[in-house]
Amino acid sequence: MSAIAAPSDTAGTASALRRLYFVRFVFAIVWALVMFTMASEITPAGAVLLVLYPLFDVGAAVYDAKVSRSTGSPALLYVNVAVSLVTAVGVAVACTSGVPAVLRVWGAWAVVAGLVQLIVAIPRRKMGGQWPMILSGGISVLAGGSFIASAGADDPALTSAIGYAIPGGIFFLLSALRLKRATQES
């Protein structure tokens with residue numbers, strides 16, 4: 001009879017988060033590339049994509065909460081779910097009012113979601129791979145403020161909000177790559 005050691009909760013969580021982060025990287029990059037083709041105005045397809053981004057965040061936060069229960073309370077992840085759901089509705093409504101309204105909603109979401117990401121990532125540092133998430137959360141807060149400010153510009157554009165997805169995706173990729181160590185140390 002042979003005994004196979006079960007992976008630790010941290011290693012299992014790290015492995016699940018690693019997969020999630022790779023998926024989030026791919027989604028963010030593909031979404032941004034598609035959105036850049038329609039950034040000059042809000043088309044019906046563009047509106048759907050703008051709403052889809054926070055809805056994807058909802059799914060990611062639900063998955064994260066499910067797989068990381070053993071490493072801490074998922075309460076803030078559920079806050080992120082609620083905020084992203086409200087954002088999806090807000091973006092849908094804002095799309096009917098124009099780019100400035102979308103930038104304001106998107107910016108408010110970036111600030112709140114960035115704070116949540118930052119607060120969730122700090123205690124996860126011991127797991128590994130969280131410094132990119134900490135940086136991403138802080139940058140998200142700053143970017144959100146800039147989106148809100150740019151909504152009042154003479155000719156506001158969605159390109160900055162769309163471009164926000166690319167560094168976010170890259171930070172997810174970096175975290176996924178750094179989490180590899182945590183999955184191998186079990």
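At 3.2 Å, the side chain of threonine 13 reaches the backbone oxygen of valine 67. Threonine 13 belongs to helix H1 (helices are DSSP runs of H or I of at least four residues, numbered from the N terminus), and its relative accessibility of 2% makes it count as buried, a term for values under 20% with a 1.4 Å probe and protein chains only.

The model is predicted, so local features need pLDDT of at least 70 and side-chain atom pairs count only at pLDDT 80 or more, whereas totals for chains, interfaces and linings use all residues. Residues are numbered from 1 along each chain as its sequence is written, and side-chain values use heavy atoms, with hydrogens and water left out.

The largest pocket holds about 490 Å³ of space. Among the 31 residues that line this pocket, Arg24, Asp57, Ala113, Gln117 and Phe172 are the closest to its centre. Helix H4 (99-121) is among the helices that each supply at least two lining residues, and H4 gives the most, with seven residues. By residue class, the lining of the largest pocket divides as follows.

| Class | Lining residues |
|---|---|
| Nonpolar | 20 residues |
| Polar | seven residues |

The mean pLDDT of the protein, the predictor's confidence from 0 to 100, is 86, and 89% of residues reach 70 or more. Over residues 1-7, however, the pLDDT is below 50, and beyond near neighbours in sequence this stretch has one contact in the model (heavy atoms within 4.5 Å).

Definitions and conventions. 1 Å grid on protein atoms, 1.4 Å probe; cavity = no way out; pocket = protein on both sides within 12 Å on 5 of 7 lines; lining within 4 Å. Points joined across faces, edges and corners; volume = space filled by probe spheres on them. Nonpolar A, V, L, I, M, F, W, Y, C, P; charged D, E, K, R; others polar. Buried < 20%, exposed > 50% of the residue type's maximum accessible area, 1.4 Å probe, protein only. Polar contact = N/O pair within 3.5 Å; in protein donor to acceptor, adjacent residues only side chain to side chain.
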